[in-house]
Amino acid sequence: MSDFALWSLDAIREEGGALSWLEEQRFEWSKTTALALEQILNGKTIVLITDQKRKWLERYIIDSINSINLERPLIPIVTVDSVYPHFNNISGGEMIDMVDDLISLSYKNDHFFWYIGKGDDKRSDIAKRKDNSYFWIFDEDFNNAFTLKSYDPLLDIKLLQLYRLFDASLNATMFGEVDAS
């Protein structure tokens, strides 16, 4: 079984020049993604959160991760908005605590947050409270985060490329090709 960082490097290089930008950040990618994959393999539910500008990616991930064409077990994933439709309207720590309690009760503390978006967006606050959250975060350095620049003209393309690599990583870990722990 291959090491995840080495497997990631090979997967990045197999894509040729399309993912060359990611080769420099592969250690950051490997560290953060391995933790997320390990949580998925342990049966945790993903609670996906994006900022408003990345709602399209949220929809894409929800539609793709459990596609009918995939030959792997279904991945438990929900959006924070499907759990609490008024999530955009929450403000203040007490309301975030209440939503977090709702999610914890619903998923028996067997979940983790996956946040994609700008670091200063209020929708990131609930994920930032948990050490096991997974981030593709923009314009901010944060623990356990893969960082990108929101002003990158190729950001949307890079996000799709990251998701494609994430999906391949998920398959590789589920089928024992690589060890993410």
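**Entry 1: starting from one leucine**

I picked Leu 22 and left out neighbours within four places in sequence: Leu 22 is in contact with Ile 12, Trp 29, Phe 146, Leu 162 and Leu 165. Contact here means heavy atoms within 4.5 Å.

Ground rules before I go on: this is a predicted model, where local features need pLDDT of at least 70, side-chain atom pairs count only at pLDDT 80 or more, and totals for chains, interfaces and linings use all residues. Residues are numbered from 1 along each chain as its sequence is written, and side-chain values use heavy atoms, with hydrogens and water left out.

**Entry 2: the cores**

I looked up the largest nonpolar core next, and it has 37 residues. Leu 22, Trp 29, Trp 114, Ile 116, Trp 136 and Phe 166 have the most contacts inside it. Helix H8 (residues 155–174) gives the most to this core, with eight residues. Apart from it I found another core, of 17 residues, with Val 47, Ile 90, Ile 137 and Ala 145 among them.

My note on terms: a nonpolar core is a set of buried Ala, Val, Leu, Ile, Met, Phe, Trp, Tyr and Cys residues joined through side-chain atoms within 4.5 Å. Buried means under 20% relative accessible area, exposed over 50%, and partly exposed in between, with a 1.4 Å probe and protein chains only. Helices (H or I, at least four residues) and strands (E, at least two) are DSSP runs, numbered from the N terminus.

**Entry 3: the sheet**

In what order do the five strands of the open sheet come? I read S3-S2-S4-S5-S6, with parallel pairing; two strands pair if DSSP finds at least two bridges between them. Strand S3 (77–79) and strand S6 (145–148) are at the edges with a single partner strand each, so one side of each has no neighbour in the sheet. From one strand to the next, the twist averages 20°.

I then checked two of the pairings. Strand S2 (residues 45–50) and strand S4 (residues 111–118) run parallel, joined by six bridges, and Ile 46 stands opposite Phe 112 in S4. S5 and S6 also run parallel, with four bridges, and there Phe 135 stands opposite Ala 145 in S6. On S6, Ala 145 and Thr 147 point one way, Phe 146 and Leu 148 the other way, and all are buried.

**Entry 4: helices on the sheet**

Helix H4 (residues 55–65) lies across S2, S3, S4 and strand S5 (134–138), at about 155° to S2. Helix H6 (residues 93–106) packs on the sheet too, touching S2 and S4, and its direction makes about 135° with that of S4. For these angles, axes are lines fitted to C-alpha atoms, for helices over the stretch in contact, and angles run from 0 to 180 degrees between N-to-C directions.

Which residues of H6 are buried? I get Ile 96, Val 99, Asp 100, Ile 103 and Ser 104. Seen down the axis of H6, they fall within an arc of 140°, so they line one face of the helix; the arc is that of the directions from the helix axis to the C-beta atoms. On the other side of H6, Glu 94 and Leu 105 are exposed. Just after H6, Lys 108 takes a positive phi of about 50°.

**Entry 5: Phe 4**

Last, I went to Phe 4, in helix H1 (residues 4–14). Is Phe 4 buried or exposed? Phe 4 counts as buried, because its relative accessibility is 3%. Not counting residues up to four places away in sequence, Phe 4 touches residues including Trp 29, Leu 37, Ser 169 and Val 178.
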